[in-house]
Number of protein chains: 2
Amino acid sequence: MTSPDPALLSINTATLRRQWTLPQIVQGLARHGIRGISPWRDQVASAGLAHSARCIREAGLSVSGYCRGGMFPALDAGGRAQARDDNRRAVDEALAIAARCLVLVVGGLPKDAQGRPASRDLAGARAMVRDGLADLIEYAKPAGMPLAIEPLHPMYAADRACVNTLAQALDLCDALAPDDAHSLGVAVDVYHVWWDPALEAGIARAGAGGRLFAYHICDWLVPTTDLLNDRGMMGDGVVDLARIRGWMDAAGYRGQHEVEIFSERWWKTDPDVVLATCKSRHASAS
Amino acid sequence: MTSPDPALLSINTATLRRQWTLPQIVQGLARHGIRGISPWRDQVASAGLAHSARCIREAGLSVSGYCRGGMFPALDAGGRAQARDDNRRAVDEALAIAARCLVLVVGGLPKDAQGRPASRDLAGARAMVRDGLADLIEYAKPAGMPLAIEPLHPMYAADRACVNTLAQALDLCDALAPDDAHSLGVAVDVYHVWWDPALEAGIARAGAGGRLFAYHICDWLVPTTDLLNDRGMMGDGVVDLARIRGWMDAAGYRGQHEVEIFSERWWKTDPDVVLATCKSRHASAS
């Protein structure tokens, strides 16, 4: 398989969140000749939305996504209304920074005030996700901001996202935006879906429907020592990234390849080394 | 929902592996009036197969399963032949202790001599699993030992089992034993499948096909601090065990409810307290 086009590389700002501010990340990307970025809301807020948008625009970066909206389930109507309002602000911010899509981590079981799961009703949480998505489309679609559902690994079903397979995300897309592939699609993150025996079929289905909005890469380490912050650099784990990229290509995806690595190890590494490694591994191992 | 029949409670010996030998576990079950057991091979081997079988038989315990066969993928034909021979011995042992089924954890990516994944070919590993199962059925079926494929949580896809959903396991059953529900079925362990949006449908499909051979219970903790040994006691986590038992009941499952908890916490607890807690939580929270 040939190496991917280096121009498609994008860096999710979570990858460098401990080392650099958003403006520092933008400068770093320029130094390394990397053309894409995907910012997180808290990092944008720290630098200021207008300033962040200007930095990104002046650097000529493509914004492969904005992280993140979602977190729809809540114990009561007040909590769900808060989530609705916050998601609308996320849409506005995504527009301000000219993101390709707003990435949605849909949320898990409703939580109590201390952030602990306060329900075992997974089907109920999934119904809240569906309702929340339906509502958010009404806001995002006229604004012209595509929404990308990111199925998360099943190990996050309780606390982060109860949409856990690509097929489940695509069923939501078909139900909520049946004739409109521009408003609702998916973000395919290899960390979350690499294990799925239906992955190739799901990518093909998403491509045929025009719903492949984003592609996130990193690697699955063996052993994985932490459920949250032990993701691997491309090539350091067991995911056949070239094969999955081939499925994305065959399905018609022509967008960026966004590196998103939550890792205590890489957060402790010189950020210029991290970026140089992302570049070289994008070329050699993805 | 009514409480389950206490006579259906079975204890997987891994739950007490740090505290007690197999004969001690059998004695403990008798003291607590628990009627079922599911032994692991290493614990049986430590006590001796004949002695273990006699202890279990004399205590009048039902053996809900034997753990475990599987681990089919290997780097070369020699490794796969070793797995074949070892699986045949596991069938023989399961027969000796009169187990309801031999539970199969099918294995992940082929490993090198140091036990590290030596391939990224997940589809290839799945093909080896299929071939290994096909071969093992030829041995187990005439011997009269049902084989139960246990789909494992996707977080174990690389290193323990590349069969990760109930649907995937049932597809294997239909392909390899299309007209014979007695020889090949599934073990449904809530820890591995609770998150699956297709779980209810999968259980119904398995029941309709006569392939529900075993049901394992524990709980999913939030947060989960270790990928291997932080499983929860029923009621301490987020799994709606009563709902899933309802699906099993509705699908015609009448077998035992086997408690299998890998947990540093419960391994440090007085084993009589563990058994008493299993009994009370089986009644109140499963």
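**Symmetry, interface and fold**

Reply: In this predicted model, chain A superposes on chain B through a rotation of 180 degrees, with 0.0 Å of shift along the axis and an RMSD of 0.0 Å. Such a relation is that of a two-fold axis. The same surface serves both copies, since 100% of the contact residues of chain A recur in chain B.

Me: How many residues of chain A and of chain B are in contact, and how do you know that they are?

Reply: The criterion is a pair of C-beta atoms within 7 Å. By that criterion, 24 residues of chain A are in contact with 24 residues of chain B.

Me: What makes up the side of chain A that touches chain B, by class?

Reply: That side has 14 nonpolar residues, together with six charged and four polar ones.

Me: Why does the radius of gyration of chain A agree with a compact globule?

Reply: For 286 residues, the rule for a compact globule gives a radius of gyration near 19 Å; chain A has 18 Å, and therefore agrees. Along the principal axes, the C-alpha atoms of chain A fill a box of roughly 45 × 40 × 40 Å.

Me: What makes a residue of chain A count as buried, and what share of the 286 residues is buried?

Reply: A buried residue has 20 or more other C-beta atoms within 10 Å of its own. In chain A, 50% of the 286 residues are buried.

Me: Which helices and strands does chain A have, by number, and what share of its contacts joins residues at least 24 apart?

Reply: Chain A has eleven helices and nine strands. Of the contacts in chain A between residues at least 6 apart in sequence, 78% join residues at least 24 apart.

Conventions. Residues numbered from 1 in each chain as written. Chains lettered and ligands numbered in written order. Predicted model: local features only at pLDDT ≥ 70, side-chain atom pairs only at ≥ 80, totals over all residues. Contact = placed C-beta atoms within 7 Å. Nonpolar A, V, L, I, M, F, W, Y, C, P; charged D, E, K, R; others polar. Least-squares fit on C-alpha atoms with pLDDT ≥ 70 in both. Helix = DSSP H or I, 4+ residues; strand = E, 2+ residues; numbered from the N terminus. Rg over C-alpha atoms; globule rule 2.2 N^0.38 Å. Buried ≥ 20, exposed ≤ 12 C-beta atoms within 10 Å, placed from the backbone.
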